[in-house]
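Hello,

Here is the structure I promised to pass on. Have a look at it first, and then read on for what I found.

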Amino acid sequence: MKLLCCYIALCFTSSIGATIIHYPPTPNMVSGNSFIHPSVHYKIWCQQNGGLWEELFVYEMDARHYTNNSNTTAWVNFSFDGSARIRVERMNAAIDYAWILPAHAGAGISASGGVAEVQIDTAGQYSIEFENSRFITNPLLVFANAPEENIPDSTAANLIYFGPGLHQIGDKYVVPTGSTVYLHGGAYVQGQFYAEDGDHITIRGRGILSGEDYAARTADHMIHMRNCNNVRVDGITIIHAPRFMITLGGSHHYISNVKMMGWWFSTDGTSTGTDALIEHCFFKVNDDAIKLYQSRTVARHCVIWQMENGAVFQLGWNGNNDYGDCHVYDMDIIRVEHVWDNENEAVICAIHGGRGIKQNFLFEDIRITHSNWRIFHLVTRPNRWGNWDTNRGEMGNMIFRNITMQDAQSLPSLVMGHDAMHTVYNLVFEQIVTGGKSWTGARKEIIIDETTTQNIIVR
Amino acid sequence: MGRYCLLLIFIIGAAQATLYAAVVVYPQPAGYAASKDYRIVISQDGRQYETFIYVSDAQFPKVNKSQTTQFSSFSFTGTITIRVEKLQGFFERCEVLPTAKNIKPLREGNTISFQLSKPENLAVEFDKSIQHPLLIFANPMESDIPDPTDVNVMYFGPGIHQPADTIFLKANQTLYLAGGAVLRSHVYGANATGAAIKGRGIIDGRRFGHTHGRLIRFDAQSHDVTLDGFIVLDAPGYYITSGGKRTHANNVKGLGWWFNTDGFGFGEDGLIENCFLKCNDDAIKLYNSGTRVLRTTIWQMENGAPFQMSWNSNGNRNGFLVKDCDVIHVDHAWDNPNEGVFVAIHGGNGHLSDFLFEDIRVENIDWRLFTIQIMPNEWAKADHPGSVSNLVFKNITVTTTQGLPLQRLSVIQGYDSQSKVSDVRIERLTINGNLVTDLQADGFEINAATTKNVFVVPALSKPARAASQSPIDSLSWTNPITTGLSTYGMQDFFLWQQDNLFYLLATEKVKPNRKKRGIILYSSTNLKQWREEQYILNRLSFDSLAWFADEWQAPELHKINEKYVLVFASRNNTTHPYKPLGIAMAVADDMFGPYTMLTPDTPLTIGNNPTLQTDEEGHVQLLFDKDGRFYMAPVDISNGQLLAPPKEILGPQTMGADYRFLDAPQLTKQRGLYYLMFTSFYAGYVVKVRYMVSANIAGPYRFLSREPLLSFVEAEADENVKMPHRNRNGYAPPTQVIFQHRMFPVRGNKWLMSYHSSEKYSEPYLCLEPVIFLPDGTIGMVAPKQKAQLLLP
């Protein structure tokens with residue numbers, strides 16, 4: 001009897017462990033729909049504990065602009081516990097190279113006979129790559145979510161429920177204060193969410209929010225909440241934004257496990273209010289990924305694929321208020337596609353043109369692969385987004401620690417103030433390594449303008 | 001300190017009395033016979049010095065047109081008289097080359113004489129015969145003669161030295177050859193950064209015959225090699241190759257006879273100046289980026305080109321300057337493609353660009369001037385040859401031996417539609433005194449299918465083109481205008497009309513990571529099609545350390561008091577990358593130049609978008625923007641100086657709540673009012689073009705109308721590129737879409753506004769719109785932001 005109990009328990013556990021939750025496609029996901037269609041490049045199966053291989057639906061969208069280096073982006077989205085094996089068939093080409101990023105998370109990838117296999121032990125976002133290049137024609141992403149908790153009943157109070165299927169909500173779907181929007185993993189929502197002066201608003205689920213109905217910069221941000229406190233965005237995927245993915249004003253915001261993929265310039269990732277935490281998110285965006293524009297922003301444990309435009313961490317073009325105390329750590333920047341010497345092309349960037357003082361920033365444990373561009377571009381400079389005050393507007397007291405870039409920079413980083421009233425001061429660059437070389441003493445990696453900066457230390 | 005210096009000079013003077021003399025001649029090495037043809041005596045202050053004349057017999061007599069080359073080398077300061085006695089036979093005439101030195105010898109019997117007051121490398125030629133040329137190397141006095149006991153010095157005193165077949169030089173080591181010393185060895189420097197060869201002696205390669213070996217060679221790890229004053233004689237192959245960066249050859253003389261006796265081939269940023277080469281293969285290789293050749297004289301023998309740009313260069317090469325050089329003989333008579341003066345026979349895969357040849361005089365030539373050709377050749381292994389672009393030949397003067405036309409056509413030809421020779425501009429080429437105005441008619445064969453934009457800029461006036469536009473025609477165009485403008489777009493257009501032609505200057509945009517070319521003048525008869533007319537300023541003619549070396553923005557040209565005054569915002573992107581721009585000023589008597597920099601050392605002020613306007617009292621005011629505000633200061637356009645510190649004339653203080661970030665001011669005087677037009681930014685995404693007026697140039701300015709002339713929002717910005725680019729990111733979309741609006745008069749009583757198109761992903765280009773001054777003094781737009789535009793007669 002005791003043995004039987006054990007046996008039953010074991011069966012039960014294993015069947016739970018073998019559960020990979022994935023989601024049905026919506027009717028619009030057909031070939032020919034360039035916004036979203038079944039992948040024509042990849043087939044993917046998933047397996048747990050040596051069980052059956054289950055085929056996953058592979059989403060794919062086409063690039064939207066001339067400057068995009070990828071032609072498509074494909075992804076799978078599932079929730080799981082424990083570990084899972086992923087098998088990928090590359091439909092149109094042989095596999096002569098296979099890799100998974102972030103490199104430290106992958107348990108090793110193997111390829112033979114036209115398929116690649118990799119084991120995933122931790123929930124997260126991964127890129128499986130068959131092209132050994134900074135630019136990839138047909139990216140493939142794996143969004144391996146942790147199991148969903150507290151899945152709401154569709155009839156619960158204060159709940160706006162988008163079940164499996166296609167939903168068109170328009171460009172200003174107002175979310176009432178105190179309510180939760182739930183996007184089921186099988187929901188495909190076309191439109192944008194908006195709120196004003198709200199509190200305790202949550203948008204979550206495993207579904208997709210698409211801005212495909214709006215041309216670049218012709219509509220609002222995908223999720224835009226003005227002066228709202230305690231906003232939470234969790235677990236969803238946002239694609240085809242015409243502007244920012246998420247813009248939150250107010251304070252106490254939490255963004256977790258959101259997957260954001262855009263194509264246009266101005267598809268910035270997150271812009272949050274004071275006291276915000278951004279974690280476990282994925283960005284493949286074509287403008288600034290994470291805006292550090294408000295005090296006490298914490299960003300951590302994210303995977304970022306920066307496209308040709310925008311900075312990964314942007315401290316701003318303007319800013320008239322003093323702010324700071326931001327912490328960015330444990331980040332995997334898996335790719336930076338920068339090729340232009342524009343002032344917003346850097347991993348950590350500021351073009352400060354406002355009257356505010358920005359200080360107390362700590363960046364640490366950042367790993368950068370597939371980039372050859374500069375890491376830092378930290379300047380004060382009058383610009384058209386800022387209200388330049390001839391007497392005020394500086395930044396300083398920042399530590400950049402343990403930042404490693406696989407390849408060397410092909411153009412130097414830059415630290416420069418504008419004049420004596422607009423300096424950049426007290427920066428410490430510590431354990432910065434590019435192309436295998438430590439920056440200690442190697443001043444050619446970074447231009448430090450002596451006349452407009454104070455106390456810039458590289459060690 | 002001063003006292004010690006004096007003492008030191010006294011000691012050196014006492015120890016080496018010859019150093020103190022103003023003429024130093026050098027002893028005859030044993031075994032080197034003196035000339036039987038010539039004798040040279042130098043005189044100064046009543047003292048006379050006979051200088052030894054070396055004789056080098058032809059080594060390849062079946063080909064060489066000269067039977068000997070004879071030469072003498074000495075040093076001097078002050079003024080000397082040189083007397084050359086011709087010992088054999090009679091002569092009728094004598095010339096001293098280069099002709100441009102304007103040395104007219106006096107004759108007394110069989111002796112000619114002339115004076116020199118500065119160092120020169122000359123050829124004395126009797127009856128135009130080149131059988132026994134006589135070269136005179138009149139050097140400056142030596143300085144910094146190294147100490148023979150210095151462990152880093154290899155010192156060779158007068159006499160013959162043959163220590164080994166090859167002398168090896170190490171880093172920071174100096175090989176010194178005293179005058180009268182002859183070293184009969186190869187010299188090889190490996191990893192020899194900082195090494196030097198100097199002195200007035202000779203390195204003689206005759207004993208090696210024709211081995212094709214390089215007589216002097218430094219490897220690619222040998223940087224900052226210095227070569228000064230010595231003579232390379234009868235090399236068995238290449239005279240000197242030096243693969244590292246920044247090789248500097250000054251006053252080096254090279255003589256040889258064989259094929260493959262190429263002259264100098266240096267690595268990147270090499271500098272060749274005051275040298276003399278008589279070679280039987282390519283004299284100077286313009287192979288590596290940044291090579292500069294200045295004040296050098298070349299005698300090109302039967303084979304090779306004086307200036308060789310490529311046989312097989314792979315990878316991109318750019319930034320070459322050849323200036324103020326003389327080619328005194330070209331002995332070519334074969335139909336090989338390398339028989340030309342300016343030559344590229346480019347078979348490598350590289351893109352070669354940005355060559356400026358300026359003030360080059362070629363004499364005693366009968367053959368071919370240009371071979372600019374892309375073709376696979378025996379030295380090139382590229383799968384597909386590369387391309388050649390942006391060659392400027394400016395002030396090229398050619399004189400043939402007998403005043404007859406050149407016997408061979410110049411050839412400019414690419415390889416195919418991909419590998420083209422493009423943007424070849426010939427400015428002021430004269431052949432036997434005749435200005436070349438039509439390439440086809442004047443001996444050029446230009447392959448139309450494989451070249452692009454090869455043209456001649458004759459000179460100052462444009463009567464032929466100006467006549468083609470009639471002022472009674474209406475003009476129509478479609479915005480933005482791209483035809484003939486830079487492939488990567490242009491910003492900050494400044495237009496004007498003169499002699500029925502339209503001209504423009506603008507900020508050039510270039511391919512990412514490439515250098516800008518300079519400030520280029522464009523012209524058009526119809527506003528629709530533009531063409532590059534000529535350089536106003538050319539990067540290649542600037543010192544790379546100049547503060548204005550390689551960034552030029554928002555140029556404007558104003559005719560003030562019969563002078564043409566150029567103002568622009570500038571920077572040195574190498575020494576001061578990303579720093580705020582400064583304002584530069586240059587001036588010329590003629591619109592087409594040449595322009596003289598009035599601000600060679602420092603900018604007038606930090607700022608951008610400079611413009612000039614004469615005030616009510618006739619003073620010239622400089623108006624510019626800085627940090628989102630406008631400033632004005634009176635400026636002295638003769639000396640390039642501000643006459644008072646700049647004052648803010650528009651900004652937060654003057655505008656109050658109306659203030660927004662301001663950009664690109666322009667002043668137009670009309671009906672007794674100054675119209676100040678500018679751009680302002682509303683939170684970055686909204687751009688408004690407005691204007692204010694004042695009766696006084698310094699303000700206060702007031703709005704005549706609160707309505708902006710034009711508004712732009714970001715969503716209107718162009719999404720698509722206008723030009724084809726080889727790769728998808730082959731241009732750089734701007735992050736800051738700065739507009740710049742300018743009004744300019746046309747046809748006497750009409751006005752156009754110019755601006756560059758809004759861009760987010762796209763290249764900015766020229767937009768033009770008619771504007772009207774309305775009776776109430778306001779400015780009216782005729783068809784704001786419409787693509788199709790029309791200006792009635």
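A word on domains before anything else: their bounds come from an automatic or database domain assignment. On that basis, chain B is divided into domain 1 (2-56 + 64-136), domain 2 (158-281), domain 3 (316-321 + 329-459) and domain 4 (463-470 + 489-791).

Please keep in mind that this is a predicted model, in which local features need pLDDT of at least 70 and side-chain atom pairs count only at pLDDT 80 or more, while totals for chains, interfaces and linings use all residues. Residues are numbered from 1 along each chain as its sequence is written, and chains are lettered from A and ligands numbered from 1 in the order in which they are written.

Staying with chain B, the C-alpha centres of domain 1 of chain B and domain 3 of chain B lie 36 Å apart. Their contact takes five residues from domain 1 of chain B and four residues from domain 3 of chain B (two residues are in contact if their C-beta atoms, placed from the backbone, lie within 7 Å). On the domain 1 side, three of these residues are nonpolar, one is polar and one is charged. Here Ala, Val, Leu, Ile, Met, Phe, Trp, Tyr, Cys and Pro count as nonpolar, Asp, Glu, Lys and Arg as charged, and the others, Gly among them, as polar.

Now to chain A. It holds one helix and 41 strands; helices (H or I, at least four residues) and strands (E, at least two) are DSSP runs, numbered from the N terminus. The radius of gyration of chain A is 23 Å, close to the 23 Å that the globule rule gives for 459 residues, so chain A is as compact as a globular protein of that length. That radius is taken over C-alpha atoms, and the rule is 2.2 Å times the number of residues to the power 0.38. Of the 459 residues, 52% count as buried, meaning that 20 or more other C-beta atoms lie within 10 Å of the residue's own, with C-beta atoms placed from the backbone.

The assignment for chain A gives domain 1 (19-145) and domain 2 (159-458), and 26 Å separate their centres, taken over C-alpha atoms. In this pair, 27 residues of domain 1 of chain A are in contact with 32 residues of domain 2 of chain A. Strand 6 (72-79), strand 11 (124-129) and strand 12 (140-145) of chain A each give two or more residues to the domain 1 side. That side divides into 12 nonpolar, 13 polar and two charged residues.

Between the chains, 25 residues of chain A are in contact with 22 residues of chain B. The chain A side has 11 nonpolar, nine polar and five charged residues.

In strand 63 (residues 750-756) of chain B, five of the seven residues are buried. Strand 63 of chain B runs antiparallel to strand 62 (residues 742-746) of chain B, joined by five bridges, and also antiparallel to strand 64 (residues 766-773) of chain B, joined by six bridges; strands pair if DSSP finds at least two bridges between them. Strands 62 and 63 of chain B form a hairpin with three residues between them, and Arg747(B) in the turn has a positive phi of about 50°.

The other spot is Ser524(B), in strand 46 (residues 518-524) of chain B. Ser524(B) counts as buried because it has 24 C-beta neighbours inside 10 Å. Leaving aside neighbours within four places in sequence, Ser524(B) is in contact with Phe502(B), Gln529(B) and Trp530(B).

Best wishes

Technical notes: Buried ≥ 20, exposed ≤ 12 C-beta atoms within 10 Å, placed from the backbone.
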